[in-house]
Amino acid sequence: MGDIKKLAVLVSGNGSNLQSIIDSINIGEINANISLVISNIETAFALTRAKQENLNSAFLNHKNFSSRESFDQALSELLIKHEVDLIVLAGFMRILSNSFIEKFNRKIINIHPSLLPKYPGLNTHEKVINNKDKFHGVTIHLVDEGLDSGPIIAQARFKATKYKDIDGLITKVHSIEHKLYPMIIKMIVEGEINLNELNGKNFKCYDS
Ligand code: GRF
């Protein structure tokens, strides 16, 4: 894998993970730049964060496109124009088409609030509470054609039984995410993690 210098962060919401990556770049931990922040939601606070940091940002409204492929084509043109090396999904609430994923093969990563392969998709915290799970956590993975199914890069877990409600779990998950995502991106940028060599088996595990 060549040098990773230019990141794009794709968002749809609050952007607290985006902020943690920005902060990590600003203190010199991650030696790369965010070339572009893209949101499919105009009111996403993540876009405000990008503007506050004077980052290039774009709002790409999926409702203006007749198909997933045409939206992804526009997305892909933006990413190519900015010569992006790594696409970081941070609360981006869109499923990407197979052709998009093939085009950026092993260049897209995602953070997901569960211990994958447990609980892909939405409402992970509710499921942990309802199933009285002992552990909960965060997964960072390569994005492939499936839903939250790509090879795992890293996982951090904690004792879920210490938390009685969903809000407690969410706060804990976020606090882990904000450390884990910048840390793993730093490792990818520095070549300590090679996305081309990942097989999803010997991923990094952390206990929090
Ligand atoms: C995070 O919990 C992440 O795991 C999930 O979406 C949430 C995004 O939060 N994919 P934020 O927008 O980064 O605050």
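Colleague: How many helices and strands are there in the protein?

Modeller: There are 6 helices and 8 strands, where helices are DSSP runs of H or I with at least four residues and strands are runs of E with at least two, numbered from the N terminus. From that end the order is β-α-β-α-β-α-β-α-β-α-β-β-α-β. This is a predicted model, in which local features need pLDDT of at least 70 and side-chain atom pairs count only at pLDDT 80 or more, while totals for chains, interfaces and linings use all residues. Residues are numbered from 1 along each chain as its sequence is written, and side-chain values use heavy atoms, with hydrogens and water left out.

Colleague: What makes the radius of gyration agree with a compact globule?

Modeller: The radius is taken over C-alpha atoms, and the globule rule is 2.2 Å times the number of residues to the power 0.38. For 208 residues a compact globule would have a value near 17 Å, and the protein has 16 Å, which agrees. Its C-alpha atoms fill a box of roughly 45 × 35 × 35 Å along the principal axes.

Colleague: Why is Ser 24 called buried?

Modeller: Buried means under 20% relative accessible area, exposed means over 50%, and partly exposed lies in between, with a 1.4 Å probe and protein chains only. Ser 24 has 9%, so it is buried. This serine belongs to helix 1, residues 16-26, and, leaving aside neighbours within four places in sequence, Ser 24 is in contact (heavy atoms within 4.5 Å) with Glu 29, Ile 30 and Pro 182. Across the protein, 49% of the 208 residues count as buried.

Colleague: Why does Lys 132 count as exposed, and why is Asn 123 partly exposed?

Modeller: Lys 132 counts as exposed because its relative accessibility is 71%, whereas Asn 123 is partly exposed because its relative accessible area is 48%. Lys 132 sits in the loop between helix 5 and strand 6 (135-142), and Asn 123 is in the loop between strand 5 and helix 5.
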